[in-house]
Amino acid sequence: MASDEEEREYMRRMADALKSGAKMLADHCPVCNSPLFEINGEIWCLRCNKRVIKVRGDEDVDQALAGITLSEVSKALTAKLDALTSLLKKTGEINEIREITEAIKSILDALEKASKLQKDFTEKTR
Ligand SMILES: [Zn+2]
């Protein structure tokens, strides 16, 4: 849920954009479902405050989302890693230790992949 302040900020960005000649597009941001804007030839979601890279068709949106989604993934993985670490500290059970270690290993793998993808994405949009 957006707070009042976020809502005002969004409205302000939208007003500024329209004042400077931005065009509201028929496409919507699949993250927040807000209309996308064309600003100086670039596509933006003003609510997410993210640039959408226009490739063609639906790909543009997917790529823009990648950055958002990946940071969510990393956040979730880090939280799970914390939880597993406290479990690991508590247990003395060899099978549990093995299971938890396996899980930690896959999370670390996934984290590494997510952060690598995120880096690729950030470099591409710059
Ligand atoms: Zn959005």
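Predicted model: local features only at pLDDT ≥ 70, side-chain atom pairs only at ≥ 80, totals over all residues.
Helices (H or I, at least four residues) and strands (E, at least two) are simply DSSP runs, numbered from the N terminus. Residues are numbered from 1 along each chain as its sequence is written.

**View 1. The whole protein, before we zoom in.** The protein has three helices and four strands, and reading along the sequence gives the pattern α-β-β-β-β-α-α. Of its 126 residues, 12% count as buried. "Buried" here is a matter of counting: 20 or more other C-beta atoms must lie within 10 Å of the residue's own, while 12 or fewer makes a residue exposed, anything in between is partly exposed, and the C-beta atoms are placed from the backbone.

View 2. Strands of a sheet pair through backbone hydrogen bonds, either parallel or antiparallel. Here the four strands make an open sheet in the order β1-β2-β3-β4, with antiparallel pairing. β1 and β4 (50–52) sit at the edges with a single partner strand each, so one side of each has no neighbour in the sheet. From one strand to the next, the twist averages 40°; angles like this run from 0 to 180 degrees between N-to-C directions, using axes that are lines fitted to C-alpha atoms (for helices, over the stretch in contact). For two strands to count as paired, DSSP has to find at least two bridges between them.

**View 3. The hairpin of β1 and β2.** Three bridges join these two antiparallel strands, β1 and β2. One of the pairings puts His28 with Pro35 in β2. The hairpin has six residues between its strands, and Asn33 is found in that loop between β1 (23–28) and β2. Most residues other than glycine have a negative phi. Asn33 is also exposed, because 9 other C-beta atoms lie within 10 Å.

View 4. Next along, β2 and β3 run antiparallel and are joined by four bridges. Glu38 has Ile43 in β3 as its bridge partner, and Ile39 stands opposite Glu42 in β3. This hairpin has two residues between its strands. Asn40 is found in the loop between β2 and β3, and its phi is positive too, near 50°. Is Asn40 buried or exposed? Asn40 is exposed, because 9 other C-beta atoms lie within 10 Å.

**View 5. The largest nonpolar core.** A nonpolar core is a set of buried Ala, Val, Leu, Ile, Met, Phe, Trp, Tyr and Cys residues joined through C-beta atoms within 7 Å. The largest one has eight residues: Cys29, Leu36, Phe37, Ile43, Trp44, Cys45, Leu46 and Val52. Leaving out residues up to four places away in sequence, Phe37 touches several others, including Ala17, Met24 and Trp44. Touching means that two residues have C-beta atoms, placed from the backbone, within 7 Å.

**View 6. Leu81 on helix α2.** Leu81 lies in helix α2 (residues 59–90). Leu81 counts as partly exposed because it has 15 C-beta neighbours inside 10 Å. Beyond residues up to four places away in sequence, Leu81 touches Ile104 and Ile107. Leu81 and Ile107 are 26 residues apart in sequence, yet 6.9 Å apart in space, C-alpha to C-alpha.
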